[in-house]
Amino acid sequence: MATLIDTINQGDRIANLWRGGTVAALAAQERLTELGFYAVVVGERTIVAWLNGHRFELPAV
């Protein structure tokens, strides 16, 4: 089982793929949900997701 840090890092890698155009918004949302994130919202500039009661915002840089 992945640690919390591993899960967050995987989420960030997915966000990087989304920002780079490699992964579509819907695919990014599905992949984050598979990792255990919930209430995932993919906007124009950010991905916002919740994990273990904490809000994570992955910005499009």
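**Entry 1: threonine 7.** I found threonine 7 in helix H1; helices (H or I, at least four residues) and strands (E, at least two) are DSSP runs, numbered from the N terminus. I noted that the model is predicted, that local features need pLDDT of at least 70 and side-chain atom pairs pLDDT 80 or more, while totals for chains, interfaces and linings use all residues. Residues are numbered from 1 along each chain as its sequence is written, and side-chain values use heavy atoms, with hydrogens and water left out.

Is threonine 7 buried or exposed? Threonine 7 is buried, its relative accessible area being 10%; buried means under 20%, exposed over 50% and partly exposed in between, with a 1.4 Å probe and protein chains only. Setting aside neighbours within four places in sequence, I listed its contacts (heavy atoms within 4.5 Å) as Ala2, Leu35, Phe37 and Leu51.

**Entry 2: leucine 51.** I followed that last contact next. With neighbours within four places in sequence left out, leucine 51 touches Thr7 in turn, and its contacts also include Leu4, Ile8, Phe37 and Phe56.

**Entry 3: the core.** Leu51 also belongs to the largest nonpolar core, which has 12 residues, among them Ile14, Trp18, Leu32, Phe37 and Leu58. Such a core is a set of buried Ala, Val, Leu, Ile, Met, Phe, Trp, Tyr and Cys residues joined through side-chain atoms within 4.5 Å. At least two of its residues come from each of helix H1 (4-19), helix H2 (25-35) and strand E2 (46-51).

**Entry 4: the sheet.** I then traced an open sheet of three strands, ordered E1-E2-E3 and paired antiparallel; two strands pair if DSSP finds at least two bridges between them. Strand E1 (38-42) and strand E3 (54-59) are the edges, each pairing on one side only. From one strand to the next, the twist averages 10°.

How many bridges join E1 to E2? I counted three, and valine 41 has valine 48 in E2 as its bridge partner.

**Entry 5: helices on the sheet.** H2 packs on the sheet, where E1 and E2 are touched, and its direction makes about 160° with that of E1. Axes here are lines fitted to C-alpha atoms, for helices over the stretch in contact, and angles run from 0 to 180 degrees between N-to-C directions.
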